[in-house]
Amino acid sequence: MPPSKPQSKSKSKSKTLHTSLHSALHNRSTKLSLRQFRTRYTTHLSQAPPLYPFSSGGSRLLAGNSPYAESLESFIANFHNAPTGLLFNSGYDANVGVLSCIPQPGDLILYDEYVHASSREGMRLSRAGKRVAFEHSSVVGLEEGERNVFVVIESLYSMDGDVAPIREMVEVVDRLLGRNGNGYFVVDEAHATGVFGARGVGVVQEVGVEERMFIRVHTFGKALGAHGAIVLCDEVTKQYLINYARSLIYTTALGFPFLALIRTAYEMLAEGETEELQRNLQHLVQYLHTRLGELASWDPALFEVDHFPRSPIFSLRSPLPRQLATVCQRKGFLVHAIMSPTVPAGQERVRICLHAGNTVEEIDGLVETIQGWLNNQASDKPTARL
């Protein structure tokens, strides 16, 4: 591996100083945000009336509903510029519930080949006449639809970390079915919530096509650090889900502590208190992208970085993902090897997911660990005798 080009001493000092200053500000901001989150959350809990049950006590259709849950649904729907919303216990439950009961007999579902297992399970349980996968994020693939269709995609894909070309997909559906035709988008925004768009509204609102989405699923267990999910839809669809979505009907509803936690997170989003964390996350994304770029001279057959701009998800492609992940884990870095069948055979990788609470020092340590592993691979490689 050729040595990197040396920097001038003044440039190196400037970069180190700037990085140190930014790191100090980031650490302070993260501590303040965490303190504000906990304070706001405990305040919500303390405001509950005496003897107020923390457990929901049953499903939403029986004893598990509450004015607090309905108010929270309205608050979140308003934040995401949606007519209404319906809470589910998880993103998995939301996707299964929507796709198992909404498509009617004879309907066609077109879905991205990389959609989540929960969407696949929901489609498997559905009454749709046909289910057809199209090539990942392929706008051309949508043109295979000749009937009324549900288009099932994610805004930010969890394994590859790429963002779907949603606006272009809407244009294709409009051309095929007409703007007021029977094309229905179902978009999972699990990994975009709190990360993309102003105040973390997600990709759909960032590109301004929320009015064209039939259903959006936002989850609370990723960037928001809570639990559960919400299906954003119109009122008729909400009432249909309440009466037919088995993953909602036959399970105990979220209790008050979970609802208060979700509300805490969304209040901070709505009031702009998380915007500094969003900006810092993007700084970290760019910093890791640059640092990993320093490893670009390695043989791509051994190591290659796959990254979509602005995405906090990085894929380190290698024929030895378990070995690389183990080395990183031993150094204290929470990264994982992603193997087939979670990803297609031949596309195994080590997945890195950055968080706003990470630091440049941690990134430097991770990259140095990867560099050390690569150096060991090179030194262990047998050489042919001449």
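**Notes on the aromatic contacts**

1. Let's start with a charge over a ring: Arg 263 sits over the face of Phe 75, 4.5 Å from the ring centre. Keep in mind that this is a predicted model.

2. Now for ring-to-ring contacts. Searching the whole structure turns up 9 aromatic pairs. One of them is Phe 220 with Tyr 266: the ring centres are 5.8 Å apart and the planes meet at 90°, so this pair counts as edge-to-face. The cut-off behind that label is an angle over 60 degrees between the planes.

3. Have a look at where those two partners come from, as the pair links distant parts of the chain. Phe 220 is in the loop between strand S6 (213-219) and strand S7 (229-233), while Tyr 266 belongs to helix H9 (residues 256-270).

4. Next, a stacked pair: Tyr 240 and Tyr 244 have their ring centres 4.5 Å apart, with 25° between the planes. Both tyrosines are in helix H7 (residues 235-244), and because they are 4 residues apart there, about one helical turn separates them. As for solvent, Tyr 240 is partly exposed, at 23% relative accessible area; the buried label needs a value under 20%.

5. Last one to check on screen: which residues make up an aromatic cluster? Tyr 52, Phe 54, Tyr 68 and Phe 256 form one together.

How values were computed:
Residues numbered from 1 in each chain as written. Predicted model: local features only at pLDDT ≥ 70, side-chain atom pairs only at ≥ 80, totals over all residues. Heavy atoms only, no water. Phe/Tyr/Trp six-rings, centres within 6.5 Å; stacked < 30°, edge-to-face > 60°. Helix = DSSP H or I, 4+ residues; strand = E, 2+ residues; numbered from the N terminus. Buried < 20%, exposed > 50% of the residue type's maximum accessible area, 1.4 Å probe, protein only. Lys NZ or Arg CZ within 6 Å of the ring centre and 35° of its normal.
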